[in-house]
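Dear colleague,

Please find the structure below, handed over for your use.

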Amino acid sequence: MLAILSIAASAQFVGNTGGTDKTRTYIDDAAWVPREHNVDFLHMRLELSFEPQKALVTGKVTHRFTPLRQEVDSVWLDGPGITIKTCTVNGKASKFRTEKNGLWIFPSAGLVWGERDSMTLEYTANPRRGLYFIGWDDPNNLSRKQIWSQGQGIDNRNWIPMYDEMNDKMTTELIVTFDDDYKVLSNGVKLKEKANREGTKTWHYRMNKPHAPYLIMLGIGIYDVKETKSASGVPVNLWYYPEWKDRVETTYKSSEKMIDFFEKEIGVKYPWESYSMIPVQDFMYGAMENTTATVFGDFLFVDQGSNWDRSFLGVNAHELAHQWFGDYVTARCDAHHWLQESFATYYNQMYEREEYGMDYFDWARREAQNNAVNETLKNLLPVAHSESGSVRHYPKGAFVLNMLKYVLGGREVYNKVIKHYLEKHPYQAVDSEDLLESVHEVTGMSLDWFWEQWVYRGGEPAYNVSVTDMTDNRGVQMTRFNVEQTHKTNDVVGLFRMPIWFEVHYADGTADRKMAWIANKNEEVNIINASGKKIDYVLFDPNNEILKTVTFEKPWAWNKMQAMKAKNMLDRYDAIVAMRNMSPAQKRDVLLQAYDHEKFQAVKGEIIRQLIGDTDPASRSMIRSAISGTDANVHKHVLVNTPAIIPADLAKDYEKLLGSPSYEAVTMALEKLCFSFPASAPQYLDQVKNTVGATGRLVEIRRLEIAASLQGDKNAPAKLVEYSSNSYEFRTRVNAMQALKRLDYFDNSLLKNLLNACVSSNGRLAGPANDLLRYFYEQTRYRKTIRDHVDKNEWPEWQKEIINKTLN
C-alpha cells in the first residue's frame with residue numbers, strides 16, 4: 001500500500017475559526033532525499049585489465065576526495081562481491097572491512113575537514129551486473145566477443161569500488177589494457193593509445209568535467225569508427241561493426257544535425273569535448289546516455305527494412321538530449337528522475353518533429369496520453385516519484401513539459417526558462433524545485449499550482465463535454481459548452497485547473513475561439529454567434545494540448561465536417577474514431593474521401609480498420625491502394641486489421657506484401673498468406689528464403705516455424721534450436737524460443753540453451769527462457785528429463801537458486 005504524506009501549509013482558510021491548517025497531501029517516497037555521505041569525491045583514476053574467459057576484472061582505483069565533516073574516521077565504498085587486495089590512504093596502508101555490499105575504510109590518521117585526500121585500492125571482481133562479458137563462453141565461437149558496461153541505476157559498484165550515487169559528481173579517467181585486435185571506448189577525451197610488447201594495447205581516457213558515477217562507461221569489441229563533426233565543431237565518433245558498414249548511414253542518419261538543432265533549441269552549447277555512439281550485443285535496454293559515449297543495443301543498428309520497424313533516430317536524439325539533461329545537470333535523487341527522462345523524451349520528440357513533421361510529433365503526444373491514462377488505472381503515482389515507472393518518467397513527463405510550454409505562452413518563453421535552468425546549475429545535481437524556481441526567475445510566474453497537479457501528484461483530468469446551440473433571454477445566439485470534471489478525486493488527485501481553448505467553426509469557413517480556465521467541477525463557456533451562422537463543427541482543446549480523457553458526443557454532421565476540415569491531424573483523427581460504431585454504408589464515402597487527402601499513417605490506419613471488412617468495390621479499391629503504396633506503416637495497418645483468413649479476391653494483392661520494405665510486414669504477410677492458402681505456402685516460403693529480417697532474424701525464424709508446422713520440415717526445428725543458443729544475440733534467441741514453444745518442440749539441446757538463458761543477466765532473455773522452461777516442465781512427458789539434467793550437473797549457488805525457483 002502506498003504511504004500518504006501530508007504537509008501543513010502556513011496559510012489558513014480565510015474565516016476559519018477552528019485554527020485548522022491547509023494541507024498538501026502527497027504519496028510518500030523514500031527516495032525523495034539524497035543518500036548521505038561524509039566525503040566529497042572529486043576524481044577517480046581507474047586502471048583495468050581483464051581475463052574475459054573467466055569474466056574477471058583486475059583493477060586499481062584511486063579516489064581523490066575531501067571530507068565534508070569535521071570528524072571523519074571511516075569512509076564507505078560501494079562494492080558488492082569485490083575482493084580487495086590492498087588499500088592505502090594518502091600513501092599509507094589502511095585497514096578496511098568488507099561487507100556484503102561494500103567496504104569500510106579506516107584511515108590510520110584522521111582526515112582533516114576541507115583538505116584533499118586520496119585512497120588507492122587494488123582489487124578483483126567477477127561482476128554479474130554492471131559489466132558484461134559477451135560471447136566469451138560461446139562453444140561454437142560464432143558470437144561477437146565484447147565487454148561493455150551499464151551503470152544506471154547503481155550497477156557500476158559491481159566492478160568499481162566507489163561511492164555509487166547520483167548526488168556526487170567527479171571527474172574520471174580510465175586506463176584499460178586489452179588485446180590489440182580490439183578497440184576500447186570510454187568517457188571523455190582519448191589521451192593515449194599505446195601498443196605493448198605482449199600483443200596488447202593500453203587506452204587512456206579522461207573526463208575534464210565532473211559527472212555522476214553511474215555514467216562511467218566502458219566498451220570493448222571489434223569495431224570501425226566513422227569520425228565526423230557537427231556544424232558547430234563538436235567531434236562525433238560513430239562506432240560500428242566492420243561487416244555492417246552498409247548500415248551506418250541508415251542508423252546514424254542526422255547525428256551531426258541533431259547536435260546543432262539541440263544547441264539552438266536548448267540555447268546551451270554541447271557541454272562536453274566530444275560525442276561517441278557504440279552498438280553492443282545483448283544490451284538489455286534501448287540505449288544508455290553515458291557521458292560523451294552512448295551505448296545502444298545493436299538491434300537498433302538498422303538496415304532499410306528494420307528502419308521501418310524501429311528507427312534509431314528517436315533513440316539517438318533521446319540519448320543525445322541526455323548529454324544536457326541527466327549528464328550536465330543530474331537529478332539529485334531518484335524521486336526527481338523525471339528531470340532526466342522526461343526532458344530527453346521531450347527533446348527527442350522535438351527533433352522528430354523537425355525530421356518527420358508536425359503530425360508525427362502530435363501522434364507521439366497522443367500515444368503518451370493513452371499510455372499515461374492506462375497507467376493511472378494501476379495507481380496514482382505522480383511524475384516526480386522514484387517508483388512511477390517508465391510511462392510517467394518518459395512519455396507522460398514529456399507531455400507535462402509540452403503543457404508547461406503551453407501555459408508559459410509558447411516555445412520562445414519555454415526555451416528561455418530551460419536555458420536559465422541549465423546555466424544556473426552547470427555540472428550540478430538538481431531537483432524539481434530548481435526547475436520551478438527557474439520558471440519564476442525568468443517569467444515572474446508562480447506555477448506552484450502546475451507543479452502540484454502535474455509533477456507532485458498523479459492522475460489526469462477526465463472531462464464530460466456537451467454543447468448547446470442556443471439563444472439566451474436577451475435574444476443573443478451563442479454556443480454553450482458545458483464542461484464537467486468527472487474523474488474520481490481523493491487525497492492525492494483533485495480537480496484540475498488548466499487554460500483550455502474552445503472553438504466553433506462555421507459553414508462559411510470562419511471560426512470563433514475562446515480560452516477559458518477550467519477549474520471547477522462544472523463550468524460553462526459561451527461563445528457568441530452574433531450573425532447566427534451555421535455550425536460546421538466544434539472543438540474542445542483543439543490539437544489535444546491538455547493531457548486528459550474526454551467524453552464528447554457530437555452529431556454525425558459535425559463529425560463529418562471535422563474529419564474533412566479540421567486543421568490538426570488529431571482533431572480529424574478523433575472525428576474518424578467517433579464513426580467506429582456506424583455501418584460502412586453510412587460512413588464509407590466520408591472515410592474514402594478522408595483517406596485520399598490524409599497523409600499520416602495513423603489516420604489512414606484508422607480508416608483501414610473501419611473499412612477492411614467492407615466488401616463494397618470502393619472500399620476494396622482503397623485496401624488495394626494501401627497495399628500497393630510505398631508506406632510500410634500503412635502495410636502494417638492493413639495486416640494488423642486483416643481477419644485470420646484473407647479474402648480470396650485479395651490474395652494476389654496480399655502477396656505483394658511479401659515484398660514490403662518492412663520486415664514486420666513481411667512476417668505478418670507470410671503468416672497470414674500461408675495459413676489462408678496453405679496449398680501456396682511452398683511458393684510463399686520460397687519467396688522469402690533469402691530474407692533474414694536483420695537483428696532477431698524475424699523473417700527467417702517465422703519461415704522456419706511455418707515450414708515445420710505446415711510442411712513437416714524436420715530440419716527446421718533443429719535450426720531453431722541452434723538459434724536459441726548463446727552463439728546468437730538475445731533477440732534471435734527469444735524469437736527462436738517463442739517459435740519452438742508454438743511448435744511444442746523440445747529436445748536436450750534446447751534444454752541446455754534454456755538453462756543457459758535462464759541465468760542470463762539480461763532479463764529480456766532470462767524472462768522468456770524461464771517461462772519456456774516452466775512451460776515444458778509442467779508437461780509430464782518432459783519433467784523427468786529436465787529434473788534429471790538439472791540434478792546431475794553442478795551449478796553455482798546463485799544459478800541453482802534461479803533454476804529451482806523456475807521449476808518449483
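**Findings**

H336 is a buried residue, with a relative accessible area of 3%. Please note that this description concerns a predicted model. H336 is placed in the loop between β23 (329-331) and α5 (338-356). Its side chain makes a polar contact with the side chain of S432, at 2.8 Å. When neighbours within four places in sequence are left aside, the residues in contact with H336 are W32, A331, D431 and S432.

**The protein as a whole**

The protein has 26 helices and 31 strands. Its radius of gyration is 30 Å, close to the 28 Å that the globule rule gives for 808 residues, so the protein is as compact as a globular protein of that length. Taken along the principal axes, the box filled by the C-alpha atoms is roughly 95 × 85 × 55 Å.

Of the 808 residues, 57% are buried. The protein exposes about 34600 Å², and carbon and sulfur atoms supply 47% of that area. Among contacts with a separation of 6 or more, 67% are accounted for by residues 24 or more positions apart.

**Nonpolar cores**

The largest nonpolar core holds 197 residues, and F50 and F450 are the ones that touch the most other members. Not counting residues up to four places away in sequence, F50 touches L56, V57, L131, F133, I147, V176, T177, F178, L218 and I220. There is also a second, separate core of 50 residues, which includes I608, L611, I623 and V666.

**An enclosed helix**

How many of the residues of helix α4 (residues 313-322) are buried? The count is 10 of the 10, so the helix is largely enclosed by the rest of the structure. These buried residues are L313, G314, V315, N316, A317, H318, E319, L320, A321 and H322. The elements that cover them include the helices α2 (255-266), α5 and α7 (390-408). The strands β20 (275-280), β21 (287-288) and β22 (293-297) are also among the elements that cover the buried residues of α4.

**Salt bridges**

Side chains of opposite charge can pair when their charged atoms come close. A search of the whole structure finds 56 salt bridges, and three of them are described here.

In the pair formed by R580 and E606, the closest N and O atoms are 2.8 Å apart. R580 lies in the loop between α12 (569-577) and α13 (584-597), whereas E606 lies in helix α14 (residues 601-611), so the pair ties together parts that are 26 residues apart in sequence. R580 counts as partly exposed, at 33% relative accessibility, while E606 counts as buried, at 4%.

Salt bridges that share partners also join R35, D78, R157, D164 and E165 into one network. Within this group, E165 forms a salt bridge with R157, the closest N and O atoms being 3.6 Å apart. E165 is buried, with a relative accessible area of 18%. R157 likewise counts as buried, at 11% relative accessibility.

R332 forms a salt bridge with D434, and here the closest N and O atoms are 3.9 Å apart. This pair links distant parts of the chain, 102 residues apart: R332 is in the loop between β23 and α5, and D434 is in helix α9 (residues 432-443). The loop between β23 and α5 is also the place of H336. R332 is partly exposed, with a relative accessible area of 26%, whereas D434 counts as buried at 11% relative accessibility.

**A further loop residue**

Is A109 buried or partly exposed? At 47% relative accessibility, A109 counts as partly exposed. A109 is found in the loop between β9 (102-106) and β10 (117-125). The C-alpha atoms of A109 and V89 are separated by 8.9 Å, and the two residues are 20 residues apart along the chain.

Yours sincerely

Definitions and conventions: Residues numbered from 1 in each chain as written. Predicted model: local features only at pLDDT ≥ 70, side-chain atom pairs only at ≥ 80, totals over all residues. Heavy atoms only, no water. Helix = DSSP H or I, 4+ residues; strand = E, 2+ residues; numbered from the N terminus. Buried < 20%, exposed > 50% of the residue type's maximum accessible area, 1.4 Å probe, protein only. Polar contact = N/O pair within 3.5 Å; in protein donor to acceptor, adjacent residues only side chain to side chain. Contact = heavy atoms within 4.5 Å. Core = buried A, V, L, I, M, F, W, Y, C linked by side-chain atoms within 4.5 Å. Salt bridge = Lys/Arg side-chain N within 4 Å of Asp/Glu carboxyl O. Rg over C-alpha atoms; globule rule 2.2 N^0.38 Å. Areas by Shrake-Rupley, 256 points an atom, 1.4 Å probe, with all protein chains shown as cover.
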